[in-house]
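Please open the structure in your viewer and keep the sequence panel in view. The stops below can be taken in order.

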Amino acid sequence: MRCDNGALTENLLITGASQVLTLRGRGPRRGNSLSKLGIVKDGAVLVREGRIAAVGTRAQVETRKEAKRAEKLDVGGRVVLPGFVDSHTHLIHAATRAEEYELKIQGASYEEIARKGGGILNSVKKLRAANAEALKGRARAALEEFASYGTTTVEAKSGYGLDVASELKILSLQRELKSEQRVEIVSTFLGAHVVPAEFRRMVDGPERYITLLLEQMLPEVVNEGLAEFCDVFCDRGAFTRAEARRILSEAKEHGLTPRIHAEQLSRTGATQLGVQLEAASCDHLEQVNASDIQALARSRTVATLLPGCDFYLGWKNYAPARKLIEAGAIVALATDYNPGTSPTVSMPMVLSLACTQLRMTPAEAITAATINTAYALKREKRIGSLEKGKQADLAVFEVEDYREIPYYFGMQRCWMTMKSGEIIYMRD
Ligand SMILES: [Zn+2]
């Protein structure tokens, strides 16, 4: 929390919580442990210099010497939980694709729209034409909205540039945003989103584009330290499994951790490739089969589900969350915030969809959106739960019971969001 002079207050006691969801214990969570929220009733959290100094019942925490001297914030019977970690977003883009929204409603398929120059290529054209300040302004506004829904960390992918200058522009803007605003940004290089239009006209276009990606884009991204992860959209109309293997293997040699868009439109075997390459996560998974589920269950690769995308596209084939959980996979949830298939920054809405459409319980959904997504971004030791020593990243919801967080849908119930002990959103 900041005082009037902008300095971080030394100690802050957050008290009067009907429930504090600590998510304490070892992460990541699989199977039954997804349901264990580590709830403390009538709870309090003591924050010291941006970190959690103590968590417990009000009686336990308030008797501590530092708590007595601390500034107090009574949350009036609301629920406190770790800030959401959104591990899959396409943060920087130039404009909406509202015109395609209408076409989709009228019956045009995702792939028909893509063939007519819509879809991802539409966003690429707009991004290349946009100036940096406009892109940054749009992303900054989105980050404020992320915070207003309780999100404290977002992964952000490039992938709407698809030429050397534009991909570097996106990742550089992300780096600038990191230093000037409070929601933490984790950068992923997604030069392999689709093959850009100018290469599609060539017979060996995909091969030439991959060469450009591997010989020019990737080394520059690595040299400039612009990304931690490398992602590939491995699907019909994007990149094949063999191409994804080549790109991600090379990225791994350069020190980037792989992650992969897998089995969304069709089953390509991307999930098993992700597991073989020890990817941080395989994301989407609508079309996984039984052996893919087993492969994920036996691995440390996170199964990230993006139900906002299926909801927005009006599809009925949501990913098989229950089978993944029962098999023992590390299930996570993210928004997939992007202009074409999931225009939302709301993790609470994703939780609502996870409960009603994926049949996850509210507790499983909250775990999947906090400690498990923190693990998917290799940050589980620092964020994703409310435990002593961890960063004070938390959200306070205007509810008495955590189940009300997904129960309300499309409603703004977040009351306050805190990043490293600093309030970054507070409802009026
Ligand atoms: Zn995506």
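Predicted model: local features only at pLDDT ≥ 70, side-chain atom pairs only at ≥ 80, totals over all residues.

**Stop 1: the zinc site**

Which residues coordinate the zinc ion? The donors are His88 and His90, each through NE2, together with His261 (NE2) and Asp336 (OD), and the distances run from 2.1 to 2.7 Å. Along the chain, these donors follow the spacing H-x1-H-x170-H-x74-D. The angles among the four donor atoms range from 79 to 166°, and the site is irregular.

Now keep His90 and His261 selected. His90 sits in the loop between β6 (84-86) and α3 (98-105), while His261 belongs to strand β10 (residues 257-262), so the two histidines tie together parts that are 171 residues apart in sequence. Are these two buried or exposed? Both His90 and His261 are buried.

**Stop 2: a cis peptide bond**

Go to Gly27 and Pro28 and display the backbone. The peptide bond that leads from Gly27 to Pro28 is cis, and its omega is near 0°. To place it in the fold, look at the loop between β1 (11-21) and β2 (39-48), where Pro28 is found.

**Stop 3: two positive phi values**

Select Asp42, which lies in strand β2. Its phi is near 45°, a positive value in a residue other than glycine. Asp42 is partly exposed, with a relative accessible area of 40%.

Next select Ser420, in the loop between β15 (414-419) and β16 (422-426). Phi of Ser420 is likewise positive and near 45°, again in a residue other than glycine. Why is Ser420 classed as buried? Its relative accessible area is 18%, and buried means under 20%, so Ser420 falls in that class.

**Stop 4: Gly308**

Finish at helix α13 (residues 307-313), where Gly308 is found. Gly308 is buried, because its relative accessible area of 8% is under the 20% cut-off. Which residues does Gly308 contact, leaving aside its neighbours within four places in sequence? Show Thr341, Ser342 and Leu353: these are the contacts of Gly308.

How values were computed: Residues numbered from 1 in each chain as written. Heavy atoms only, no water. Helix = DSSP H or I, 4+ residues; strand = E, 2+ residues; numbered from the N terminus. Buried < 20%, exposed > 50% of the residue type's maximum accessible area, 1.4 Å probe, protein only. Contact = heavy atoms within 4.5 Å. Donors = N, O, S within 2.8 Å, 3.2 Å for Na, K, Ca; no water. Tetrahedral: all angles 85-135°; square planar, octahedral: opposite > 155°, others 65-115°.
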